[in-house]
Amino acid sequence: MTSKEIIECYFKALENGGVPKAFSVFAPDARWHQPGNNKFSGVKNGLEEIGNMLGAMMAQVAGSLIVKPSGALMESDNLIDCPVRFTATKGTKA
């Protein structure tokens, strides 16, 4: 499976509510770059760090986090750049 196919499978599994299935397509040593300048930003190395980051995000928004691609996947060797849109509700804020 190519890197691009892995990410496509990840988003398809998320769309169907399958978080464990989404993570099952990643290699144990996967790297995730979370852009921005906040407590979740930076490079996450391995499934444990990635899972901890996403779990902490979910905890902040009472499980309402939705992640969907918002543009075309770009591929260079085994690196994938994927613009995404995160949406969630926190209290009365969306």
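**Pockets and aromatic pairs in a predicted model**

Biologist: Which element supplies the largest share of the lining of the largest pocket?

Modeller: In this predicted model, the largest share of that lining amounts to five residues. Strands β1 (31-34), β5 (79-81) and β6 (84-87) also supply at least two residues each. The element with the largest share is α1.

Biologist: What is the volume of the largest pocket?

Modeller: The largest pocket is lined by 24 residues, and the closest to its centre include Ile7, Trp32 and Ile80. By class, 17 of the lining residues are nonpolar, four polar and three charged. The volume of this pocket is about 860 Å³.

Biologist: Which element gives the most to the lining of the second largest pocket?

Modeller: The second largest pocket has a volume of about 400 Å³, and 17 residues line it. Two or more of these residues come from each of α1, α2, α3 (46-60) and β3 (66-69). With six residues, the element that gives the most is α1.

Biologist: How many residues apart in sequence are the parts tied together by the pair of tyrosine 10 and phenylalanine 23?

Modeller: The two rings form an edge-to-face pair, 6.3 Å centre to centre with 75 degrees between the planes. Tyrosine 10 belongs to helix α1 (residues 3-15) and phenylalanine 23 to helix α2 (residues 19-24), so the parts that the pair ties together are separated in sequence by 13 residues.

Biologist: Does phenylalanine 23 count as buried or exposed?

Modeller: Buried means under 20% relative accessible area. The relative accessibility of phenylalanine 23 is 17%, so this residue counts as buried.

Key:
Residues are numbered from 1 along each chain as its sequence is written. This is a predicted model: local features need pLDDT of at least 70, side-chain atom pairs count only at pLDDT 80 or more; totals for chains, interfaces and linings use all residues. Side-chain values use heavy atoms; hydrogens and water are left out. Rings of Phe, Tyr and Trp (its six-membered ring) pair if their centres lie within 6.5 Å; planes under 30 degrees apart count as stacked, over 60 as edge-to-face and the rest as tilted. Helices (H or I, at least four residues) and strands (E, at least two) are DSSP runs, numbered from the N terminus. Buried means under 20% relative accessible area, exposed over 50%, partly exposed in between (1.4 Å probe, protein chains only). On a 1 Å grid over the protein atoms alone, a cavity is a set of points where a 1.4 Å probe fits but cannot get out, and a pocket is an open set with protein on both sides within 12 Å along at least five of seven lines; lining residues have an atom within 4 Å of a point. Grid points are joined across faces, edges and corners, and a volume is the space filled by probe spheres set on the points. Ala, Val, Leu, Ile, Met, Phe, Trp, Tyr, Cys and Pro count as nonpolar, Asp, Glu, Lys and Arg as charged, and the others, Gly among them, as polar.
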